[in-house]
Amino acid sequence: SRFLRAGRDASGDGLFGVPSSSVGGHLIPRGRAVVDFNLRPLSIQSGDTRSEIVSQQTYLHLGASLPLFNRALVSFDMPFALAQSGDSPTVAGVAFPSPAGADVGDLRLGARVRLFGEDTGQFQAAAGAYFYVPTGPDGSYAADGAIRGEPHLIVGGRVKQFFYNVSLGTTLRASERPSAFDLRAGAAMVLKDGFVQVGPEFTLSAPFSKDILLQTATTKMYAASSVAAELLIGAKIRPLPFLVVGAGAGPGLTQG
């Protein structure tokens, strides 16, 4: 199986990995650059021995978005794997080559429409979709090797200094990797007249199928858990009216 990590929000959204139900303005371009580090994202265990197929990945995401008529939003995100490494383990006679060096990920194109509620109101509902173009090389741990789509529904809103967003959707893949159900939720407090933002985010992905990952004449390999869940605690500051700087960190909650 291949491993892929990418932020799910568009440029200008309030949270790191949860898309926003708001849009915000008309023809106001927004851009972002994000560095994303993943520690031990893909490992394999045989008996008591655990080896790292991918021990670390460091990504650079470059993206931009453009709101239209205070109602719709179009966006793109391009990921680059700057550094990757692993142990290239051999388990039960099966070799798992690890990635090394830089690589290109899959280009993500996005669109969103707010269906209900005012842009800064207490409750909004929106529908969106991401479409991934297989710009990365086939067989890469930074790309899927085939097209995929992510339709999703979003609810969110803002009450004074508090805002929240919840996204429900699916990842539909043309590759051999299973399609999945996705849940993303996050909230934050905005303090000091918008200068500081702090809050948690939660993501969960569950595949539609629980197929055996790999089967040989003597060995069957399974995922340790069919559900992947992660927690992120993030903070952002706005040192200038046009500039936001932030950082977040968190653990994986399952062995998905």
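Biologist: Why does threonine 58 count as buried?
Modeller: Threonine 58 counts as buried because its relative accessibility is 17% (buried is under 20% relative accessible area, exposed over 50%, partly exposed in between, with a 1.4 Å probe and protein chains only). The model is predicted, so local features need pLDDT of at least 70 and side-chain atom pairs 80 or more, while totals for chains, interfaces and linings use all residues. Residues are numbered from 1 along each chain as its sequence is written, and side-chain values use heavy atoms, without hydrogens and water.

Biologist: Which strand holds threonine 58?
Modeller: Threonine 58 belongs to strand S2, residues 49-68 (strands are DSSP E runs of at least two residues, numbered from the N terminus).

Biologist: And what is threonine 58 in contact with, beyond four places in sequence?
Modeller: Its contacts (heavy atoms within 4.5 Å) there are Val35, Asp36, Phe37, Phe80, Ala81, Leu82 and Ala83.

Biologist: Turning to S11, how does that strand pair with S12?
Modeller: S11 (residues 180-191) and S12 (residues 196-207) pair in the antiparallel sense, over ten bridges (pairing requires at least two DSSP bridges). Within this pairing, valine 198 in S12 is opposite methionine 189.

Biologist: Which strand do ten bridges join to S12, and how does it run?
Modeller: S15, residues 228-240, is joined to S12 by ten bridges, and the two run antiparallel. Proline 200 has isoleucine 233 in S15 as its bridge partner.

Biologist: And where does isoleucine 237 lie?
Modeller: Isoleucine 237 is also part of S15. With a relative accessible area of 34%, isoleucine 237 is partly exposed.

How values were computed
Helix = DSSP H or I, 4+ residues; strand = E, 2+ residues; numbered from the N terminus.
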